[in-house]
Amino acid sequence: MAFIYLESVKPKPLNWFPTYAAKHKLPYGTYVLRNELETIFPDTEIQDITTPPYEFLQDTTKTGTYFFIDDGINFGEDEFNKLLQFVERGNDVFISTHGINIDTLHLKTEGISSVEYEQDVFFKLYNKNLSKKEFSFDRGFYNTTFSEIDTLKATALGITGYLNSDGERVYEGINFLKEPFGKGNFYFHTFPEAFTNYYILKSPNQQYTASVLSYLDASKPILWDAYYKTGKSKITSPMQYILGSKSLKWAYYITLIGVLIFIIFEGKRKQRYIPIITPLKNQTLAFTRTIANMYYEKSEHKNIAEHKITYLLEYIRTKLHVPTVTINDSFYTYVASRSGHKLDDVKKLFKQIDVIHQKNTITKEELIGLNSLIEKFKNPV
């Protein structure tokens with residue numbers, strides 16, 4: 001019982017999974033931002049949208065700024081057409097995600113990295129009425145800029161890039177822009193980490209977040225997207241609900257142990273025959289396959305690939321002790337030397353990762369190919 005108590009009160013390891021969910025207080029959740037929106041926009045109606053945009057925008061009387069934040073957002077063609085119609089009527093859409101390619105708006109993104117191992121990333125807004133300070137980010141992430149925009153319509157609002165050890169810019173590119181469409185506007189931003197708990201709570205980063213949000217029209221309702229979230233919860237059974245709560249989970253475990261102790265001592269007192277019971281099979285693998293099949297059957301190949309890439313980067317940081325802030329030739333050399341792989345094999349793996357990042361959707365074959373490269377990297381023959 002003492003062991004159970006110690007386990008129940010032991011602090012949980014910090015979870016760095018990028019959920020972007022408003023209810024999560026994890027580093028990469030958006031709990032702080034969602035709760036501060038009422039303070040930032042005191043006279044603005046804020047509504048949580050839990051349905052897909054295609055379904056929500058069936059009602060053409062809806063107005064406001066549709067606000068999307070997530071690690072990766074993949075709109076279907078019909079769904080994005082609904083967003084185009086929504087903006088054309090005089091509304092706005094704000095999207096912050098890692099990379100987005102939209103042929104309709106002549107918009108494409110590409111990943112960027114520093115040319116040297118030790119360089120700092122920076123973010124800055126163009127508006128002279130906002131903070132002129134350059135902001136940074138101290139964790140590894142996939143930095144992207146716009147490689148193709150409609151120069152006749154789009155307006156650059158912010159940039160990102162890298163600084164060398166002397167504070168000189170070695171690369172910069174647009175990462176925040178505004179593009180009018182009909183009577184409304186699209187706002188595209190490629191640094192969703194700026195809206196997470198971890199970023200906002202580290203001063204003075206909140207100045208950057210507030211400056212980006214200042215472009216939202218306070219006279220329009222804010223439609224907070226709660227559907228396209230990597231970490232949205234789906235309770236499928238009572239047991240999942242129990243195990244998802246720390247208090248209920250340990251109450252359940254303690255009850256099971258209490259019942260087990262009662263059976264042992266009661267059995268000894270009455271000297272009853274105890275039959276041999278074959279232990280239950282380990283169903284972990286079967287459970288894992290079931291969950292994987294759920295994703296696979298829904299053809300969410302892009303989401304599966306992004307998860308695999310996230311865990312690969314975490315593996316490189318924790319197992320190989322190589323920072324993943326910047327992905328460049330020095331990074332490839334460190335990874336190759338510490339993993340025992342050939343340099344060309346490491347470059348091939350990350351080239352495929354970059355290809356996956358640039359696509360809104362990927363095929364089953366591309367997912368299988370990526371998985372094969374990652375498994376070969378982690379488990380060399």
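**Aromatic close-ups**

**View 1. A ring cluster in the predicted model.** Phe-56, Tyr-66, Phe-68, Phe-75, Phe-80, Phe-86, Phe-181, Phe-186, Phe-188, Tyr-227 and Tyr-228 are joined into a cluster by ring pairs. Rings of Phe, Tyr and Trp (its six-membered ring) pair if their centres lie within 6.5 Å; planes under 30 degrees apart are called stacked, over 60 edge-to-face, and the rest tilted. This is a predicted model, where local features need pLDDT of at least 70, side-chain atom pairs count only at pLDDT 80 or more, and totals for chains, interfaces and linings use all residues. Numbering starts from 1 along each chain as its sequence is written, and side-chain values use heavy atoms, with hydrogens and water left out.

**View 2. Phe-75 with Phe-80, a tilted pair.** Searching the whole structure turns up 36 aromatic pairs. In the one formed by Phe-75 and Phe-80, the centres are 6.1 Å apart and the planes make 40 degrees. Phe-75 is buried at 15% relative accessible area, and Phe-80 is buried at 7% (buried is under 20%, exposed over 50%, partly exposed in between; 1.4 Å probe, protein chains only).

View 3. Phe-137 sits in the loop between strand E5 (120-125) and strand E6 (144-148), and Tyr-198 in helix H5 (residues 197-200), so the pair ties together parts 61 residues apart in sequence. Helices (H or I, at least four residues) and strands (E, at least two) are DSSP runs, numbered from the N terminus. Phe-137 is buried at 5% relative accessibility, and Tyr-198 is buried at 18%.
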